[in-house]
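Hello,

Here is the structure I promised to pass on to you. Have a look at it first, and then read on for what turned up when I went through it.

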Amino acid sequence: ASEFEALFKASLPKGSSTISYKKNHGQQQEPISKAEILFRSYWRRTWIIGLWLTICFALFTWKFIQYSNRAAFQVMGYCLSTAKGAAETLKFNMALILLPVCRNTITWLRNNPGLNSVIPFNDNINFHKVIAGGIVIGIILHGGTHLACDFPRISGSDRSVFRQTIAANFGYQQPSYFQILSTTEVASGIAMVVLMMIAFPLATKWPRRQSPSLPKSVRKVTGYNTFWYSHHLFVPVYALLIVHSMFLFLTDNLVEKTTWMYIAIPVLLYAGERITRAIRSGFSEVEILKVSLYPGKVLSLKLQKPKGFRHKSGMYIFIQCPQISPFEWHPFSLTCGPEDDYLSVHIKTLGDWSCQLYSLFEEAILTGLKQYPKIYIDGPYGASSQDHIKYDIVIMVGLGIGITPFVSILKDIATRLKKSSINHAACGEGSLEKIPLKAYLYWVTREQSSFNWFTDVMKEIADTNQKQAVVEVFNFLTSVYQEGDARSALITIIQSLYQAKYGIDIVSRTPVSKNSIKLGVFYCGPMTLARELEKLCTKFSTKTSTIFVFHKENY
């Protein structure tokens, strides 16, 4: 404890708020091993990834063995078995990759407590990326083996062996290598690979975010818009996949042409989702009730709540401005409570689209226009912050505009506190939608003017919170984009949590129960600091029986 306190004091940045505490010299809990902490934190991800790998391995093995016993094996050997095994995993993964981006379905499924307890819905985008990695490996094995091994062996095999084995599949004419490349099945396969080679790299974080590490010439043709439009190359890819699967060298048996069986349901589900979103958003032009511009180029929009629109705290919506682009939809956390009769979002100018949106509304305000640009919305959609209801103690860490998903949670808590005071009932008792016994918000920002973004909300929470002291807010003013200062702020946060683990409540400074405690730690901000905070949560969870469960927002 003394070493930690020394580290904290030495690294505390100027401008950060501090919390004093008194030590508890009572009996401490038995420490938990790091292995157990990692298991508790990652078991849901582990079993999903394990199941996925098992299915891929089983499909690969099945086809590998099947083609190892066919006549064509005499010509192409294990190259054929490898290519066909990889092809079977590709069918599976091309179907599976659509499911994590069916946002309406996931939002609906996560409302089921049983499913939500065993399936990590918050990692849907990460799983989408993992499957994409599996597809890349499958393409390398399938396409690479065909091009480098199978096709040369077909064109260069002994004529007598060719006639006795696979000649019938080629019209009894042994083709040259280039004749094989010109066939429908190979040409369609190569076209798919070319389209994927365009879309996949542009979806990685460096081109998508126009990283300064990229050459200037490359940055000009990258960014979110390039990612968005190139990602829609999946439409011709799936069309080519069907064509590719219907023209196969070594079989005319329709029963073996199974690609459509894999992808039919996922494609129909995803298409249904896109149609639903298009219809719903087409009728969701919303009236803009109020526009506010804040320092730091933050745009606040207060919108009329559409009829029948219901959301939970922590959810987000997609916004489109047809004046900028009729195709682009961008996600933003709702900063209004579920009980509010309006919707609100706070948008910081971090990219081309948000800059253009800010400029449009700024121009409308400065020129006194009576009509604001049109805005369409789609949603709401579930996010990791919804899981705050699982915990009695919640720690929320927002960096800069990353505070937005937590504002709606605080407003929801404030509303429920009001209701409980009126009804003289225990907070959230007997309801799934309970509120935490304690909620701590740590807001880290590098600009003091940022604190003006939510002045009214913080005042409302403070007024409601006076009697029961459920919510505590801590502001940190520091250079959050410098890793050293950022780590200092995170250490300050964990320092407060450390107090709680040894039996001292960080608000009341009084002893708390010595039973095992599970705290939810929710974070929204840059990935680098997410890893830092997750490491600290794991590290300090091993000290006592208190478990810090880390969650990060992923859109």
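Let me start with Ser-188, which sits in helix α10. Please keep in mind throughout that this is a predicted model.

Is Ser-188 buried or exposed? Its relative accessible area is 5%, and since buried means under 20%, Ser-188 counts as buried. One is the backbone oxygen of Glu-185, reached at 3.0 Å. The other is the side chain of His-244, with which Ser-188 makes a polar contact at 3.3 Å. Setting aside neighbours within four places in sequence, Ser-188 is in contact with Leu-240, Val-243 and His-244.

**The second largest pocket**

His-244 comes up again here. The second largest pocket holds about 730 Å³ of space. Its lining is made of 37 residues, and those nearest the centre are Ala-87, His-142, His-146, Gly-189 and His-244. Which helices build this lining? At least two residues each come from α2 (34-68), α4 (78-96), α7 (124-156), α10 (184-202) and α14 (234-246). Helix α7 has the largest share, with eight residues. Sorted by class, the lining of this pocket has 20 nonpolar, ten polar and seven charged residues.

The largest cavity contains about 100 Å³ of space. It is lined by 14 residues, and closest to its centre are Ile-106, Arg-110, Asn-124, Tyr-316 and Gly-382. Helix α5 (residues 103-109) contributes the most to this lining, with three residues. By class, the lining of the largest cavity has five nonpolar, six polar and three charged residues.

Ser-117 belongs to helix α6 (residues 113-118). With a relative accessible area of 37%, Ser-117 is partly exposed, because that class covers values between 20% and 50%. The side chain of Ser-117 reaches the backbone oxygen of Gly-114 at 2.6 Å. Beyond its neighbours within four places in sequence, Ser-117 is in contact with Trp-43 and Arg-44. How far apart in space are Ser-117 and Lys-390? Their C-alpha atoms are 9.8 Å apart, although 273 residues separate the two in sequence.

**Helix α13**

One more helix to click on is α13 (residues 224-231), whose buried residues are Phe-227, Trp-228 and Ser-230. These buried residues pack against α10 and α11 (205-208), and α10 is the helix that holds Ser-188.

Finally, a word on confidence. The mean pLDDT of the protein chain is 80, and 82% of its residues reach 70 or more. Among the elements of the chain, α4 has the highest mean pLDDT, 94, while helix α1 (residues 2-11) has the lowest, 34. Over residues 1-29, pLDDT stays under 50, and the model has 54 contacts beyond four places in sequence for them. Over residues 500-514, pLDDT also stays under 50, with 43 such contacts in the model.

Happy to go through any of this with you at the screen.

Best wishes

Key
Residues are numbered from 1 along each chain as its sequence is written. Side-chain values use heavy atoms; hydrogens and water are left out. Helices (H or I, at least four residues) and strands (E, at least two) are DSSP runs, numbered from the N terminus. Buried means under 20% relative accessible area, exposed over 50%, partly exposed in between (1.4 Å probe, protein chains only). Contact means heavy atoms within 4.5 Å. A polar contact is a pair of N or O atoms within 3.5 Å; within protein, one must be able to donate a hydrogen and the other to accept it, and residues adjacent in sequence count only if both atoms are side-chain atoms. On a 1 Å grid over the protein atoms alone, a cavity is a set of points where a 1.4 Å probe fits but cannot get out, and a pocket is an open set with protein on both sides within 12 Å along at least five of seven lines; lining residues have an atom within 4 Å of a point. Grid points are joined across faces, edges and corners, and a volume is the space filled by probe spheres set on the points. Ala, Val, Leu, Ile, Met, Phe, Trp, Tyr, Cys and Pro count as nonpolar, Asp, Glu, Lys and Arg as charged, and the others, Gly among them, as polar. pLDDT is the predictor's confidence in each residue, from 0 to 100.
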